[in-house]
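Colleague: Please take me through one part of this model in close-up, residue by residue, and tell me what lies around it. I would like the cut-offs as you go.

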Amino acid sequence: MVSRGLASVKSRNEDGQVTKLRIDDQVAERVMFGQLYGMCDSLTNYLASTVEASSPVVLKYVPYGKLSDVIPYLGRRAIENKSVLGAKEGGAADERRAAGQKIWRRIVG
């Protein structure tokens, strides 16, 4: 996006890696990342904290309808994301750990 003039680098770390990206207003409404709700929230959080834009950058969607219509779709997404869901480190393991910590903080304080 930067090489095509659609975004600009706001900041970099000591290693030269981009830490903040700004999407230009003229294209902000046309650039969006969509994810199934509950899948890889760490990526969503990373995108939301790294990319600045005048419009939302990350969209979370929830399929709805009759269970018989939704289950095949969710099954295909689970198969596509098998490596993420089954990883011992990262992916679903981190998601479960983070959810557990949030629940613990809300209960215990």
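Modeller: Happy to. Contact here means heavy atoms within 4.5 Å. With neighbours within four places in sequence left aside, glutamine 35 touches Cys40, Leu43, Thr44, Val58, Leu59, Lys60 and Tyr61. The model is predicted, so local features need pLDDT of at least 70 and side-chain atom pairs count only at pLDDT 80 or more, while totals for chains, interfaces and linings use all residues. Numbering runs from 1 along each chain as its sequence is written, and side-chain values use heavy atoms, without hydrogens or water.

As for confidence, the protein chain has a mean pLDDT (the predictor's per-residue confidence, from 0 to 100) of 82, and 91% of its residues reach 70 or more. The highest mean, 89, belongs to strand S5 (residues 58-61), and the lowest, 62, to helix H4 (residues 82-86). Helices (H or I, at least four residues) and strands (E, at least two) are DSSP runs, numbered from the N terminus.

Back to glutamine 35, which sits in strand S3 (residues 33-36). Its relative accessibility is 13%, which is why glutamine 35 counts as buried (under 20%; exposed is over 50%, partly exposed in between, with a 1.4 Å probe and protein chains only). Its side chain makes a polar contact with the side chain of lysine 60, at 3.3 Å. Such a contact is a pair of N or O atoms within 3.5 Å; within protein, one must be able to donate a hydrogen and the other to accept it, and residues adjacent in sequence count only if both atoms are side-chain atoms.

One of the residues that glutamine 35 touches is Thr44, and Thr44 is also among the buried residues of helix H2 (residues 41-50), together with Leu47 and Thr50. Viewed down the axis of H2, these residues fall within an arc of 145° (taken from the directions between the helix axis and the C-beta atoms), so they line one face of the helix. Their cover includes S2, S3, S4 and S5.

Two of those strands, S2 and S4, belong to an open sheet of three strands with mixed pairing, in the order S1-S2-S4. Its edges are S1 (7-12) and S4 (51-52), each pairing on one side only. Strands count as paired if DSSP finds at least two bridges between them. S1 and S2 are antiparallel over five bridges, whereas S2 and S4 run parallel and are joined by two. In the S1-S2 hairpin, with five residues between the strands, glycine 16 takes a positive phi near 90°.

Serine 8 stands opposite arginine 22, and arginine 22 in turn stands opposite glutamate 52 in S4. The arginine 22 side chain also reaches the backbone oxygen of glutamate 52, at 3.4 Å. Its contacts beyond four places in sequence are Ala7, Ser8, Lys10, Glu52, Ala53 and Ser54. Because its relative accessibility is 22%, arginine 22 counts as partly exposed.
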